[in-house]
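Please read it with the coordinates open.

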Amino acid sequence: MVIYTVNIPFNMVGTYHLMHKDVEVALLEMDSRHGLLLSILGISNVEHAPPGTVENGSIDYGHLEDWWMRRSIPVSRAGIGTLLEHLGYPEPSFLLTRSMGLSLSDHYWIRPSSLELQYGQVNHYQNRFSEDIGELLFGNTEKKRDDVDQSSPDNTSDGNLMKKWKIIEGERCLLKAGSGYTNMESFNEVIASLMMDSLNVEHVGYRLYYHQGRTVCSCVDFVNPSNEYVPARRMFSPSCSDYSYRGYVKACMEVGVDIVPFLDRMIVIDYLIGNEDRHLNNFGLLRNPDTLEYIGPAPLFDNGSSLGYSRITADICKDMVVPCKPFAVSHDMQLGLVTDISWFDESAFERGMGAVRAFLSENRKYVPEERSVRILEFMEGRKDRLLAKLG
């Protein structure tokens, strides 16, 4: 595998083909220097348009622009200031065209109309990629500006936490740091993984990893050349303003996916760990990019904003009230949407707690004993309330 470098002329305005693998979707006019979509010049294949961008049988400019800009690193990302200052860019969108919009979450990209390229030559799943952008996000400014290779899947990664993609033993892995003085998100990801392992809930597995002098969590990409991730938000109609549970279930049924069993498990897991950030981009479906057939729910991921992650230890307790997303304002209310709890095995939960207890004990230097005890008490308390409500 090689890093494929494309010399794109950043001459402000140019034409690009929006591609889905090697399928031409639309011809776009773009400000390539600033990474901005200016207009849709022509449409070649509506069926392969990004989910959530089609209105009345055609690709809508406003919805496509929203999809494209949301592809960019958010300005709230930890480390983005260092990256932008080092490269001399005022906005993260400048990075989008530098890597042709390539991602490790789906198979969309933009091909300069002046270049004959195939997806197999440039995609990040089968070709090596630069880690320079990711290293800048982690604060590593050793490389001079002109030496930074900007062909990276980090240009299109979502979320606010410091993160980067790295190839580890041939696998595409996402490294993600925690936040604040506790850095608990990384540890909470592992805790949630251990519990879901025991409860047999399909999920992305996380482990601790040491990178650039800090402890982070690492997970293997759940997307590959034969599938792609479609966030729940993209399953709703572009003009939708009611992102309800019923609306999502209906949208999934329309593409042949019975999502209810998965949502039962997601809601229960989020209740047990007190997840505060299950927004509509943090769960979704997997789709075959070639046939456009929806495969089923994506494994659960991004569980770190939980277990009182941002609170001081003294504030973590059994009765701790935490914010809830995506379908209700409280976790107790959201539990009312669960249709089946027969899959929940209390003995499996207790085995999971044993694994969590051992993990916390092994990492006492990072998670003090008092905090560990309070985390365990919180989870046991949530289990008891869960069984009382749904048992």
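The points below cover a sheet, a helix, the nonpolar cores and one loop serine.

1. Basis. This is a predicted model: local features need pLDDT of at least 70, side-chain atom pairs count only at pLDDT 80 or more, and totals for chains, interfaces and linings use all residues. Numbering starts from 1 along each chain as its sequence is written, and side-chain values use heavy atoms, without hydrogens or water.

2. Sheet. Four strands form an open sheet in the order β7-β8-β10-β9, with antiparallel pairing. Strands (E, at least two residues) and helices (H or I, at least four) are DSSP runs, numbered from the N terminus. Pairing requires at least two DSSP bridges between two strands. β7 (163-168) and β9 (206-211) are the edges, each pairing on one side only. From one strand to the next, the twist averages 40°; angles run from 0 to 180 degrees between N-to-C directions, with axes fitted to C-alpha atoms, for helices over the stretch in contact.

3. β9 and β10 (residues 214-220) run antiparallel and are joined by six bridges. Tyr-209 stands opposite Val-216 in β10. Helix α5 (residues 184-199) packs on the sheet and touches β8 (171-176), β9 and β10. Contact means heavy atoms within 4.5 Å. The direction of α5 makes about 155° with that of β9.

4. Helix α5. Why call α5 largely enclosed by the rest of the structure? Because 13 of its 16 residues are buried. Buried means under 20% relative accessible area, exposed over 50%, partly exposed in between (1.4 Å probe, protein chains only). Just after α5, Asn-200 takes a positive phi of about 60°.

5. Cores. A nonpolar core is a set of buried Ala, Val, Leu, Ile, Met, Phe, Trp, Tyr and Cys residues joined through side-chain atoms within 4.5 Å. The largest has 95 residues, and Tyr-248 and Leu-263 have the most contacts inside it. Helix α7 (residues 260-273) gives the largest share, ten residues. Beyond four places in sequence, Tyr-248 touches residues including Leu-263, Phe-283 and Phe-327. A second, separate core has twelve residues, among them Tyr-89, Phe-94, Leu-95 and Val-148.

6. Ser-93. Ser-93 sits in the loop between α2 (80-87) and β6 (108-112). Its relative accessibility is 7%, so Ser-93 counts as buried. A polar atom of its side chain lies 3.0 Å from the backbone oxygen of His-34. Apart from neighbours within four places in sequence, Ser-93 contacts His-34, Gly-35, Leu-36, Met-69 and Ser-72.

Key:
Polar contact = N/O pair within 3.5 Å; in protein donor to acceptor, adjacent residues only side chain to side chain.
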